[in-house]
Amino acid sequence: MALKGILGFEYGIVQAPLGPDISGPELVAAVANAGGIGLLRCPDWECPDYVRDIIRKTKTLTDKPFGIGVVLAFPHDLNIKTILEEKVAVLQLYWGECSKELVDDAHRAGVKVVPQVGSVEEARKAVDVGVDAIIVQGHEAGGHVRGKDSLFSLLPRVVDLVKECDIPVIAAGGIVDARGYVAALSLGAQGVCLGTRFVATNESYAHPIYKRKLIEYEKTEYTDIFGRARWPGAPQRVLQTPFFDDWRSLHTDENEVNQPIIGRSTIHGVEKEIRRFAGTVPNMTTTGDLESMAMYAGQSVGLIKEILPAGKVVKSLVEETQLLILKKFSNST
């Protein structure tokens with residue numbers, strides 16, 4: 001069992017692309033400067049000029065490689081064209097078909113393709129089109145969760161699937177500390193992807209109230225009450241807040257379209273109204289009834305006790321994992 005980098009990065013620690021704009025240039029650069037794989041989050045609409053701007057802003061904050069995540073369920077062709085022109089290190093894909101044509105286009109641009117999957121079947125399709133690595137997301141993960149299996153039942157099956165292909169497998173879902181990292185490594189992963197832990201950092205663009213809730217609350221729930229109209233069929237894991245407890249049984253015919261406006265936010269430079277049940281997490285610009293907004297979090301949120309610099313999260317994870325491996329698994333006397 002070894003602790004090493006993947007995809008040309010110093011460490012196999014991935015900061016998930018946190019939507020809609022929580023992983024901005026500051027967070028991604030901090031992760032990259034610490035040796036991890038930082039991922040911007042591409043907007044869910046076509047805005048190639050803006051995408052180019054945030055990539056270039058990130059490049060002013062770090063000379064290390066980084067990537068960007070794209071949700072394929074939303075319009076993305078022009079955005080991806082710009083991403084490839086800017087030659088980021090990694091194009092991370094989720095919630096849609098990763099085609100061979102897209103992989104080939106990325107490889108011609110010198111960009112590595114890393115889809116996130118929630119099933120063995122999705123992993124098999126990714127392998128068949130020639131991706132460079134696979135993120136395996138377990139049901140424990142925060143935010144939008146595609147798969148139904150727990151990470152530690154799904155992960156070894158995907159590892160077995162790709163063992164002849166020399167493709168790194170990255171574990172995601174409920175990992176916040178060295179114990180989770182070691183457990184993932186023991187099941188064959190070569191890296192880990194953390195979302196909630198990086199929301200709770202100084203550089204994340206999450207609203208301070210959202211960050212504080214990640215420290216205060218320990219329970220999450222898998223639900224579909226948020227964003228039913230905007231992103232149908234995309235359930236999510238959220239903090240079990242009082243608002244969620246009051247509305248957890250929202251009738252299946254209801255969605256955010258006819259709900260009252262509970263706040264406003266500037267998201268990727270665009271001013272937006274936030275309706276109840278919209279599924280928009282509060283960022284630094286958000287005003288209004290933040291207590292009634294969605295707050296995505298993974299099942300291990302109770303292990304997060306403080307807001308930290310993102311670089312410290314990376315470095316501590318590496319150091320504590322190395323120490324744990326030496327103490328628990330070394331054969332030396």
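Guide: Happy to! Two strands pair if DSSP finds at least two bridges between them. Helices (H or I, at least four residues) and strands (E, at least two) are DSSP runs, numbered from the N terminus. The model is predicted, so local features need pLDDT of at least 70 and side-chain atom pairs pLDDT 80 or more, while totals for chains, interfaces and linings use all residues. Residues are numbered from 1 along each chain as its sequence is written, and side-chain values use heavy atoms, without hydrogens or water.

Let's begin with the open sheet of three strands, whose order is E13-E12-E14 and whose pairing is antiparallel. Strand E13 (270-275) and strand E14 (287-288) are the edges: each has a single partner strand, so one side of each has no neighbour in the sheet. Strand E12 (residues 261-267) pairs with E13 in the antiparallel sense, over six bridges. To find your place along this pairing, look for Arg264, which stands opposite Glu273 in E13.

Val314 is in helix H11. Buried means under 20% relative accessible area, exposed over 50%, and partly exposed in between (1.4 Å probe, protein chains only). Val314 counts as buried because its relative accessibility is 0%. Contact here means heavy atoms within 4.5 Å. Setting aside neighbours within four places in sequence, Val314 is in contact with Tyr11, Ile13, Val31, Ala34, Gly36 and Phe198.

Two of those partners, Ile13 and Phe198, turn up again in the largest nonpolar core. Such a core is a set of buried Ala, Val, Leu, Ile, Met, Phe, Trp, Tyr and Cys residues joined through side-chain atoms within 4.5 Å. The largest one has 104 residues, and those with the most contacts inside it are Ile13, Leu91, Ile134 and Phe198. Helix H11 (residues 310-329) supplies the largest share of this core, seven residues. A second, separate core has six residues, among them Val71, Tyr94, Trp95 and Trp231.

Ser204 counts as buried because its relative accessibility is 3%. Beyond its neighbours within four places in sequence, Ser204 is in contact with Ile22, Leu27, Phe198, Val199 and Lys211.

Asn202 is in the loop between H8 and H9 too, but at 47% relative accessibility it counts as partly exposed. Not counting residues up to four places away in sequence, Asn202 touches Lys211, Ile307, Leu308 and Pro309. Lys211 is therefore a partner of Ser204 and of Asn202. For a sense of distance, Asn202 and Thr252 are 50 residues apart in sequence and 37 Å apart in space, C-alpha to C-alpha.

One last stop is Arg41, found in strand E2 (residues 37-41). With 9% relative accessibility, Arg41 counts as buried. Leaving out residues up to four places away in sequence, Arg41 touches Pro17, Leu18, Gly19, Pro20, Ser23, Ile54, Ile68, Gly69, Val71 and His268. Val71 in that list is one of the residues of the second core, and Ile68 is also in contact with Leu91.
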